[in-house]
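Here is a friendly walk through one model, with a pocket, some charged pairs and a surface patch as the stops. Please keep the sequence and the 3D view open as you read.

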Amino acid sequence: VDQILSSPLEIEECASLGRAENSCPYYAARAALDEAQLVVLPYPSLLNSATRQALGVRLGGSVVLIDEAHNLIDTINEMHSVTLSARHLSECSAQLAQYEERYSGRLKPSNRTMVRRLLFVVRALRKALTPPRTANGGAAAAAAVERMVHVNALLSVYNLDNINLLELKHFCEKSLIANKLQGFAEKSQRAA
């Protein structure tokens with residue numbers, strides 16, 4: 001730790017020092033955080049409070065300098081974005097429907113309601129991403145189509161405007177439904 005604090009080191013220098021001292025440079029660098037005068041972090045580690053907390057980085061009383069700040073907006077957008085496909089949503093919808101059917105009798109009424117709401121939202125999003133049918137009943141051309149939709153329009157068109165999405169998000173986080181659904185899907189695959 002003392003050698004890491006003696007002067008600023010590149011990552012490669014920390015790794016070499018760790019090999020020479022037969023110690024882990026990652027944990028040595030983390031142990032040095034409280035006494036360090038200069039800490040260099042990638043944007044996601046700096047901007048995500050859970051990551052900062054896990055790393056032990058406290059910003060109180062610190063001066064934060066952003067190098068190449070022109071990339072900051074893109075980084076923030078990427079951190080708070082997710083890519084969904086109709087296929088992923090179809091799989092999620094099927095797994096969620098099977099989960100709801102299997103555990104409906106065991107779920108508390110409030111949790112059963114939230115699972116059904118989640119299923120409704122997933123199906124609505126899948127419908128929003130599914131290409132329209134052609135005149136002969138087939139799916140539209142497979143070429144990717146991008147479109148910009150205002151959130152309120154999306155919510156209104158797919159009847160999601162009466163669902164409290166923040167409450168649904170809180171349910172997903174608190175109940176760990178994603179982990180449960182993944183375990184359920186893996187168990188179902190093994191049984192098949």
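Which helix gives the largest share of the lining of the second largest pocket? That share, five residues, comes from helix 3. Before going further, please note that this is a predicted model, in which local features need pLDDT of at least 70 and side-chain atom pairs count only at pLDDT 80 or more, while totals for chains, interfaces and linings use all residues. Residues are numbered from 1 along each chain as its sequence is written, and side-chain values use heavy atoms, with hydrogens and water left out.

**The pocket**

The second largest pocket has a volume of about 890 Å³. Two or more lining residues come from each of helix 1 (2-6), helix 2 (11-21) and helix 3 (25-32). By type, the lining divides into 20 nonpolar, four polar and two charged residues. Leu-9 itself sits in the loop between helix 1 and helix 2 and is partly exposed at 30% relative accessibility (buried means under 20% relative accessible area, exposed over 50%, partly exposed in between, with a 1.4 Å probe and protein chains only). Its C-alpha atom is 54 Å from that of Thr-113, 104 residues apart along the chain.

**Salt bridges**

A salt bridge here is a side-chain nitrogen of Lys or Arg within 4 Å of a carboxyl oxygen of Asp or Glu. By this rule there are five salt bridges, and the table shows some among them.

| Pair | Closest N and O atoms |
|---|---|
| Glu-100 and Arg-116 | 2.8 Å |
| Glu-167 and Arg-117 | 3.4 Å |
| Lys-169 and Glu-173 | 2.8 Å |

Glu-100 forms its salt bridge with Arg-116; Glu-100 lies in helix 7 (residues 86-103) and Arg-116 in helix 8 (residues 109-129), so the pair ties together parts 16 residues apart in sequence. Glu-100 is buried at 13% relative accessibility, whereas Arg-116 is partly exposed at 45%.

Glu-167 forms a salt bridge with Arg-117, a link between distant parts of the chain, with Glu-167 in helix 10 (residues 165-175) and Arg-117 in helix 8, 50 residues apart. Lys-169 and Glu-173 both lie in helix 10, four residues apart, about one turn of the helix.

**A nonpolar patch**

Leu-47, Ile-73 and Ile-76 make a nonpolar surface patch of about 240 Å² (residues with over 30% relative accessible area and no salt bridge, nonpolar side chains being joined within 5 Å). Ile-73 belongs to helix 6 (residues 72-79) and counts as exposed, at 55% relative accessibility.

Technical notes. 1 Å grid on protein atoms, 1.4 Å probe; cavity = no way out; pocket = protein on both sides within 12 Å on 5 of 7 lines; lining within 4 Å. Points joined across faces, edges and corners; volume = space filled by probe spheres on them. Nonpolar A, V, L, I, M, F, W, Y, C, P; charged D, E, K, R; others polar. Patch = residues over 30% accessible without salt bridge, like charges linked within 9 Å, V, L, I, M, F, W, Y side chains within 5 Å. Areas by Shrake-Rupley, 256 points an atom, 1.4 Å probe, with all protein chains shown as cover.
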